[in-house]
Every structure is written in structure tokens, then in C-alpha cells.
Amino acid sequence: MYTTNAVRKEENTTSLEKHMHRLEEIPDLMCDACVVDKYNNLVFLSVWGRDTALQELYSRITLAKKDKEFGLEYLTFKIQGVRTRVYVGNVKELTKRSTRTYKQTKFGTLLHTWIFDKSCIKPDKANHTATVLLEGEIPIEEFAQYHWSVIKDICPLPLLDHWRSEITPLLIDHKMCEDLKTFFGQVGGVRLILDIPKLEESMGDLILRDRLTTYPTHHTGLQH
Amino acid sequence: MALIFPRVAANFARNGYYPTDEPTIERILNAIAAKDPNQRIRIIDPTAGEGVAIAEVAHHLGRENVEAYAVEYNRERADHASTLVDHCLRSDLMDTVISNTSFGFLFLNPPYGDMAPGYNGAIYDQSKGRKRLEKLFYQKSFPMLQYGGILTFIIPYNQLDDELSTWLCNHFSQLRIYEAVDKQFKQVVILGVRTKKSDLDLADRKKMLGVFKAIYLGEMKAEELPQDWPYDPYLVPSSKAELQNFYQITMDPAELAREIANLKGLWPEFNLHMKYKQSVPRAPVTKPRDWHIAMALSAGEISGPIHSSETGQTLIVKGDTHKEKVEHTEWKTEQDGSKTFIRTLIDKFVPVIKAWDMTDGSPYKGKIITITTVKDPEPEQNVNNDGVDLSSFLFPIGRLLMTRGIDDLVQQGLDLLPYVTRHGQGDWGDGYESDNKQNDRAVKAMVDGHLYERVMSVYIIDPENDLKIWIITEWHGDDDGHITTVLLPSEY
């Protein structure tokens, strides 16, 4: 496998090609989206390949350290000429979604698979954490709306919708909301890690100062 | 001395690309016809160039009934060919998987040239004579033809050596050979019908071998391909079976990107898979009673501002129920008298209702009021009933087992827990220094929270009576996990 890859000629890159990234450890797998956290741990990976190669990927990242020869603790991509490692982290926290097998493509039978952190689809209410992923170009307001609905979901403190503009900066200031890194592809996201005691203290303070009120007040600043 | 003859260099630079000349293609068309009009015919050009030749064959045989396949290595030419044929791979032919006996017509105008020694397509190269690209491509391509399928093979006459002639005569009947219209490359056009070896006419075979040899040696000159085909046309059979394989092995990023543009994969369902499904609270269908309200609150169905006219309070409430693990530990006596320490985690549903006090003038304004079934806070969650702080343990002790001898000591009043705690915290007791170092290494080498090598502690209970206990922790695989055994040295 490695030798055939070594003799493979470098193709001219076209505009289409920049979306596909070959996985160096398993060259028969191509990835079209990759999102990681601030430690370069895998959050979301979109992979195309044949069933055999995908099975190889699943098994090798599951083995990780246990198998020195075949285990994969990280995946390597060449991104804009720079070799970049994506760490698999805790494989038990990963899950996957796959298409049916596409038969008779130009590369034989192909599958499309997403490997991602379970927190992307299941917010952890006990620990008040969640990962919010979005695909494509999302209008900022739509994103903010969805983001807010997830915050309301994982926060045990009562939140009112008109508090959004006060609370969202609070989360950023206290580092409870981290942007995830998009290595390539059309997926981006944030990770929410709510610190409830800190949030309770800050919000209590805002309530006492009447910055958070029971009903929306219309101090828009516009002169009538 | 030059690296390579300039004329040959031009050939290789174009990957041996010499498209078949237009008049030759036209005259070949005159020699072929569809055997079963209105039935599907599958045709292939494995070295298609811009795909002109195979596209013309497709039109000639009746475009709507023909599935045209092409393989071309050069990207630009492949791009062009893919607009003319139904299926086109941009690939080295040697990197493709194409089903055998699946095509009714094969148009083969291979690249011409000598092969480099150790060429990596050598698995197809069964040649014993001069190693030529023509032979490699012939060997890879002719099996694609169905029996009864028609071959059109274009090569320079001076490559028709004994070996290639023998191959052709072994695989094909009704062979005919003509000179191409364009004389520049000294090409001949060979037509034939793929035939099982057992069905070959040996006299014909011998005759054709003689003709090929004479042409190869230049003793005889093939006629030019006739403008008006004087015989019955070669009949291209229909292809009834489905084509199983037609793909390239090596993943090419650009080609894959194009394929994905068609397939789309999981992408259209991104929101379906990756967005949380959030329930939207609905208004109750009937006036809720108190217990309805209690249930709905704890289920998180009621949230928002509430005013109490009785107390004058304004609260913003939110209810929710989440799962917590409750730890339960017990000693269990087995039938053989040994005892097992069992630690069970039970899911427990905990309703929590929280409210902001928003009442102006209230001393609790801006404070959270909590109603729940569990005591808050629980600072010492990791401490079990017996006071063992499991969080300080360097490795999981898992199930705790003791032998009959130890059980007897426990009956006599021995408290094991301090020893188990020391063991868990890496105080290996009174064993040999080398064993203790081995234990330290085993703990350091832990992977995914489990031990690969066992750890063992020795504690002297009563030095006068030379009474010692051993505590051994081992990992027993994913199913059983860790097991810690307390035993007497004599019971080992």
C-alpha cells in the first residue's frame, strides 16, 4: 500500500481537488471535512473509501496504543503542504454514520462515513457540555439561534430568550464557548462547556443590576 | 549520447498518444454492424484518447442501444472523452478493474513502445519475447471481450512478432489484417472474432500465422483497408449480462471529488444527523391539576416566568430530570465460602427544578432556588460506604475477591480495607524492592485505564507468627475487567 502511494505521481491540483485530503496512514481513504478541538483532537471527520479500507481505519484507531504496529493514535493529512496530525483521543467517545454502499462508482464500491464525537449529537446535561456543528454557509443569526437553543438545553439555570444578548458574551468571556478548528471542508462548530457556579454568580449579578429582566424592555436607543 | 532518441522522446512525452486517423476509423465502421439491432451493446476503448473512435463506433451501431466505455490516462483527453462516452475512467489501464467477457466490441489502439524493466504492470505481462507496451495492453484488454465479440487492434506491423501473432491466432478467429489509411506509423488494422480455443479452425489458424509472419518480416504487404467493405460485416453481439466491475483501484482526489458531486453521500442529511432534536413545549390540552404541574415541571415541559399572587413573588423556573449513577457496594459470600466485593452503579433519575427569584425587594433576588430529591451538595462522591477514597487509587481494583484463609482472618477481626487502600495507592508494603519497582512500572505502563501486567503487594500482619497477606490485581480482559485477590502466600 505504501509503495504504490510512493510511486503515485503528484497530480495537478484543480479547484475540485482542494476538498479531498488523502489520509496518509491509509492512502485509499479520502476525507472531505475535518474538525478538531483546540488540542487537535478529532471532533468530526468525513471519509470516503471502500469498505475494506474503512474497516481498517475503524480497527486501527480502536487499537490505538494497544497495537504498536497497526494502532493509530493520530491521523495525518497534508493541508496546504503542511503535514498535520489529528489525534484520535478517546475512541470510546466516537461514533459513526455511514451510507449504504454505492456500487459501480469510478472506484468500485464506495462508502461515505462520518466519524465524530458523541457530544455532537448528544448533549451531556449532567456535565453541561455539548458540541454544536453546522455545515455549509449558515447565516449568523440562524447559527446564533441554534447555538442559543443548545445552551438552553444544557443549562440547568432558567434562561429567557431575551437574555441571549447578555448571556452569549458572558460565555465567551468566561471561556465556556470554544470555537472548533476546521482543518478542511464545509463544517464548523463550537464546543460549549458551561461552568454553572460561575454562570449562576454572573447572572445573579446581572439580575440584581436589572440587566436581566423578567420581560423584554424596549430600550432600543432609537428616538421617536 | 542522448538519453533517448528525440523521435521516441516525443512519443513518450505524449504517453504514446497517436489517435487513429479519421479515414481509418470510417473504413473500420464499414466493416462492422450490430448483430441484434435494438438490443443493448456494450463497447470499450481501453486507451481512448479523446474518445473519438469509440464514440463513432457507438453512433454507427445505433447510439441509443450502445453503452460506450473508455479509459484514458491523460486528464484533459479523459475529460474530453467523458463527454462522448457513457462511462470514462481517468486512469492508467493497469490500475483498473474491468470485468472479463463483458463487451461486444473492443477498440484497441495501444500506446507503442518498449517497456521499462520492472514495469509495475508486469503482473499482466506474460510476454516472453520483446517486452512491448502493445503486448501489455493486449493482455490486459482482450479478456474484456465476450466470446463472439469483435476486436479491432491497431499496431505497427513491425511489432507483430511471433509471440503476438500466436496470441492473436489463439484467441481470435476470422482474422483479417489491413494497412491503415494513414501510412505515417506503418500501422496495421487487425479484425477478429473472439473464439474459444476449442472452436478454432486449425487450418485457418496456421494460415493466419503464416500471413502475420510474412507481414512482420516485410515479405508481404497488407492491403489497405478497403473503402467499400467487400465481405459480410463483423457482427457485434449484444451484451445481456450486467457489467460487474468497471473502476479504478487508486483513489484519485480530483476524480473522487467529481464522483462525490454526484453521489453526495451523507451530506444532504447533515442537519438530520447532526442537529439535536429539541422538543418544542406545547400548551396543555386541559387545565393542569397540581400533579400535572409537578410532573410537567420536573419533565422540563414548563419553564418561564411565574407570578404568585399569594406571595407576590416573581420566579423564572426551569425543570429538568437527569440521570445520575448511584454507587452501591456489598460483600457477597459465594457457595465455596470465598467472598466477593461487588460495586454496582445504578441509574437514578433526579428531578431538579431551579428558579431565579426576580422579585424586586426580595433578599433572594438574583439567587437560585432549587428543588430536588438529592441533597445538595455532595462533595464526597468518590468515597464509598467504607471510607475508601477510590479517586486516590492509581489503578482500578475492580472486583475484590478473597480466599477462604483470608475470610477466616476477617471473621477473627482483620480489617482488610487499610491494606486494600495502601495497595490501591501504590504502597506495595513489605515485598522485595525489585517486585515493588516492577509494580511501579506496571502502573506507569497502563493504557486506557487498565493494567497490562499484574501488580502485587505483600503486607506483614503479624511478624511474630510470620503472618503475611498478598494482594494481587490483574486485568482479565474487557469482559471481566480488573480482579483484585487477597490471599495467603500458602494459598497461591
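**Sheets, helices and the contact between chains**

In strand 9 of chain B, B:Ile150 has B:Val193 as its bridge partner. This comes from a predicted model, in which local features need pLDDT of at least 70 and side-chain atom pairs count only at pLDDT 80 or more, while totals for chains, interfaces and linings use all residues. Residues are numbered from 1 along each chain as its sequence is written, chains are lettered from A and ligands numbered from 1 in the order in which they are written, and side-chain values use heavy atoms, with hydrogens and water left out.

Helix 6 (residues 162–171) of chain B lies across strand 7, strand 8 and strand 9 of chain B and runs at about 135° to strand 8 of chain B. Contact in this sense means heavy atoms within 4.5 Å, and the angles, from 0 to 180 degrees, are taken between N-to-C directions, with axes fitted as lines to C-alpha atoms, for helices over the stretch in contact.

The open sheet of chain B has seven strands in the order 4-3-2-6-7-9-8, with mixed pairing. Its edge strands, each of which pairs on one side only, are strand 4 (87–90) and strand 8 (172–179) of chain B, and the twist averages 15° from one strand to the next.

Chain A has an open sheet of three strands, in the order 9-12-10 and with antiparallel pairing. Strand 9 (129–135) and strand 10 (177–179) of chain A are the edge strands, each pairing on one side only, and the twist averages 20° from one strand to the next. Strand 10 of chain A pairs with strand 12 (residues 187–193) of chain A in the antiparallel sense over three bridges, and A:Asp179 stands opposite A:Val190 in strand 12 of chain A. Helix 3 (residues 140–154) of chain A packs on this sheet, touching strand 9, strand 10 and strand 12 of chain A, and its direction makes about 160° with that of strand 9 of chain A.

Two further helices of chain A pack against each other: the axes of helix 4 (residues 164–173) and helix 5 (residues 196–208) of chain A come within 11 Å and cross at roughly 140°. On the helix 4 side of chain A, A:Glu166, A:Ile167, A:Leu170 and A:Leu171 meet A:Leu199, A:Ser202, A:Met203 and A:Leu206 in helix 5 of chain A.

In the loop between helix 3 and helix 4 of chain A lies A:Pro156. Leaving aside residues up to four places away in sequence, A:Pro156 touches A:His128, A:Ile196, B:Lys318 and B:Lys354.

Between the two chains, the contact takes 67 residues from chain A and 55 residues from chain B. Together they bury about 5600 Å², 66% of it on carbon and sulfur atoms, where buried area is the accessible area (1.4 Å probe) that two parts lose on being put together, summed over both. In chain A, the residues that lose the most area to chain B are A:Lys106, A:Phe107 and A:Trp114, together 15% of what that side buries.

Salt bridges (a side-chain nitrogen of Lys or Arg within 4 Å of a carboxyl oxygen of Asp or Glu) number three between chain A and chain B. A:Lys125 forms a salt bridge with B:Asp320, with the closest N and O atoms 3.7 Å apart.

Notes
Helix = DSSP H or I, 4+ residues; strand = E, 2+ residues; numbered from the N terminus. Pairing = 2+ DSSP bridges.
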